[in-house]
Amino acid sequence: MKNIKWMFNESLPMEMHKARIVQKINLLEPKKRLEAIKEAGFNTFLLKNHDVFLDMLTDSGVNAMSDKQQAAMLQADDSYAGSETFFRLEAAIQKMFGMKFFLPAHQGRACEHIISKALVNKGEAVLMNYHFTTSKAHVVLEGGFVEELITDEGLNLNSTCQFKGNVDIDKLKDRIEKLGSKNIAFVRMEAGTNLIGGQPFSLENFEKVSKICKSNDIPLVLDASLLSDNLHFIKTREENCKNMSINEITLKLGALSDIVYFSARKLGSARGGVICTSSENLFKKMQGFIPLFEGFLTYGGMSVREMEAIAVGLEETMDEDVISQGPIFIEFMVKELLKRGIPVVTPAGGLGCHLNAMKFLEHLPQTEYPAGALAAALFIVSGARGMERGTISEQRDENGVEPLANMELLRLALPRRVFTVSHIMFVVDRLEWLFKNRHLIGGLEWSEEPEILRFFFGKLKAKGDWPEKLLENFEKDFGDSL
Ligand code: F0G
């Protein structure tokens with residue numbers, strides 16, 4: 001971030017870009033918001049975008065694109081095989097990670113499918129700093145299992161640790177010794193660890209993990225989907241990296257990894273998926289699956305227009321002004337929430353702001369889904385939609401028993417370069433009102449619960465008439481304003 005000095009006491013985050021294309025958004029009246037969330041079965045995934053004022057569901061595929069990305073899309077070379085576009089993207093990836101081989105796929109989970117197919121055999125372990133839903137599902141689909149080796153601080157919602165995404169090195173050594181390296185398909189490090197609040201790992205930790213993997217002949221796989229935030233944190237929080245450029249840090253990560261993959265819906269601010277490696281052997285193991293599951297080797301299910309946008313987006317990721325925008329806006333929002341005593345995950349990470357719903361709604365048992373209830377309540381009072389990351393996002397076991405999540409979080413994603421300070425302050429304002437009136441928020445129960453991925457399309461209902469009471473009190477305080 002540029003070092004800009006303000007005359008005020010407190011500084012505001014500064015956009016290092018200007019808006020040239022805009023999209024109108026609607027703020028429904030409160031009664032309509034209540035109707036919409038009821039119709040959606042209190043599941044924010046089922047809301048219609050037209051009814052949403054500020055869409056903080058995810059940063060996936062909804063980051064703002066630059067003028068240069070849009071311009072590049074016009075020179076896309078459409079051909080089934082050997083398009084110019086492929087070679088431009090390949091060159092951008094080689095420059096960024098220093099890796100020779102590139103395989104395209106339609107999005108991040110497709111990369112996970114290919115990597116798991118090629119590397120995981122039945123009964124084998126995949127060790128991770130922390131799982132992501134799709135990364136774990138693909139390992140399990142191949143008959144493997146996942147073990148998480150995050151440090152204890154990583155699961156501490158309020159910590160001073162600057163790198164909560166780090167692997168516990170002793171745990172890693174211990175697991176390799178106990179399981180035997182032959183039974184470990186790969187080690188996966190996730191940048192900007194999503195499910196613990198977008199928390200980064202340090203380059204130092206990554207170097208240690210890589211060294212251990214090399215000496216035990218275990219491939220190290222980097223999930224770089226949230227790398228742009230992680231790069232910002234390495235550069236600003238890690239003393240030894242202060243004098244390195246973003247590209248130098250990225251090249252170092254590439255050199256320490258056997259495979260890098262990412263969702264280009266996040267990294268590169270477009271839509272697609274990328275796998276790259278320096279190993280011809282690993283490349284050959286994965287290559288055959290691309291035409292089978294994704295598309296021919298030079299597009300892998302992506303639109304060539306998106307591929308052009310990714311190539312430019314990756315280049316722009318090397319610019320500190322570009323990658324700092326997300327983290328500094330999130331940090332600003334976290335600070336504003338903390339000032340008001342609202343429980344939020346600290347330190348601020350990437351991706352978005354994560355509210356601790358278990359603490360926000362201390363009166364609700366976990367079995368009544370506090371994070372889901374808070375997401376619904378926030379929509380009713382603001383039209384902003386977040387994502388439940390708690391027990392609703394878990395899956396019942398084979399006996400139908402529901403595991404309670406480690407954390408009940410409401411994630412408010414800040415897609416990159418999309419929202420302004422006033423958007424953020426509006427949500428903070430409504431959260432302050434909700435926090436003062438938190439006793440009005442009640443629990444949820446299932447009305448339609450699908451067997452798989454219930455959080456995507458399942459429906460719930462309120463226990464009692466708390467949503468109506470919440471609206472009544474809101475209208476009492478806000479009159480007929482929105
Ligand atoms: N890895 C990480 C760390 C992710 O956050 C995601 C997606 C994926 C892989 C899968 O990529 O969506 O392109 O298939 N995260 C999105 C989110 C869905 O909202 O956090 P994908």
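How many aromatic pairs does a search of the whole structure find? The search finds 19 aromatic pairs, where rings of Phe, Tyr and Trp (its six-membered ring) pair if their centres lie within 6.5 Å. The model is predicted, so to speak of local features pLDDT of at least 70 is needed, side-chain atom pairs count only at pLDDT 80 or more, and totals for chains, interfaces and linings use all residues. Residues are numbered from 1 along each chain as its sequence is written, and side-chain values use heavy atoms, with hydrogens and water left out.

## Aromatic pairs and charges over rings

A pair of aromatic rings is described by the distance of the centres and the angle of the planes. Planes under 30 degrees apart count as stacked, those over 60 as edge-to-face and the rest as tilted. Two of the pairs are set out below.

| Ring pair | Distance of centres | Angle of planes | Class |
|---|---|---|---|
| Trp-433 and Phe-474 | 5.4 Å | 90 degrees | edge-to-face |
| Phe-455 and Phe-456 | 4.3 Å | 35 degrees | tilted |

The pair of Trp-433 and Phe-474 links distant parts of the chain: Trp-433 belongs to helix α17 (residues 421-436) and Phe-474 to helix α19 (residues 466-478), 41 residues apart. Helices (H or I, at least four residues) and strands (E, at least two) are DSSP runs, numbered from the N terminus. Both Trp-433 and Phe-474 are buried; buried means under 20% relative accessible area, exposed over 50%, and partly exposed in between (1.4 Å probe, protein chains only).

Together with Phe-45, Phe-455 and Phe-456 form one aromatic cluster. The ring of Phe-455 also has the charged end of Arg-389 over it, 5.3 Å from the ring centre. A charge sits over a ring if NZ of Lys or CZ of Arg is within 6 Å of the ring centre and within 35 degrees of the ring normal. Likewise, the charged end of Arg-438 sits over the ring of Phe-435, 4.0 Å from its centre.

## The open sheet

An open sheet of 7 strands has the order β2-β8-β7-β6-β5-β3-β4, with mixed pairing. Its edge strands, β2 (101-105) and β4 (145-148), each pair on one side only. From one strand to the next, the twist averages 20 degrees, with axes taken as lines fitted to C-alpha atoms and angles running from 0 to 180 degrees between N-to-C directions. Strands of a sheet pair through backbone hydrogen bonds, either parallel or antiparallel; here two strands count as paired if DSSP finds at least two bridges between them.

Strand β3 (residues 125-128) runs parallel to strand β5 (residues 184-190), and 4 bridges join them. Leu-127 has Val-187 in β5 as its bridge partner.

Strand β7 (residues 259-263) pairs with β6 in the parallel sense over 3 bridges, with Val-221 opposite Ile-259 in β7. With strand β8 (residues 273-277), β7 pairs in the antiparallel sense over 5 bridges, and Val-260 has Cys-276 in β8 as its bridge partner. Of the 5 residues of β7, 5 are buried. Ile-259, Tyr-261 and Ser-263 lie on one side and Val-260 and Phe-262 on the other, so that both faces are covered.

## Nonpolar cores

A nonpolar core is a set of buried Ala, Val, Leu, Ile, Met, Phe, Trp, Tyr and Cys residues joined through side-chain atoms within 4.5 Å. The largest one holds 64 residues, of which Leu-412, Leu-431, Leu-434 and Leu-470 touch the most other members. Helix α16 (residues 370-382) supplies the largest share of this core, 10 residues. Apart from this core lies another, of 56 residues, including Phe-97, Leu-179, Val-187 and Met-307.

Leaving aside neighbours within four places in sequence, Leu-431 is in contact (heavy atoms within 4.5 Å) with Leu-337, Ile-342, Leu-355, Phe-360, Leu-378 and Leu-412.

## Backbone exceptions

Most residues other than glycine have a negative phi, and most peptide bonds are trans. The peptide bond from Thr-346 to Pro-347 is cis, with omega near -5 degrees. Pro-347 is placed in the loop between α14 (325-339) and β9 (352-356).

Asp-217 has a positive phi, near 60 degrees, and its place is in the loop between α7 (203-216) and β6 (220-223). Asp-217 is exposed, with a relative accessible area of 70%. Arg-417 also has a positive phi, near 65 degrees, in the loop between β12 (409-413) and α17. At 18% relative accessibility, Arg-417 counts as buried.
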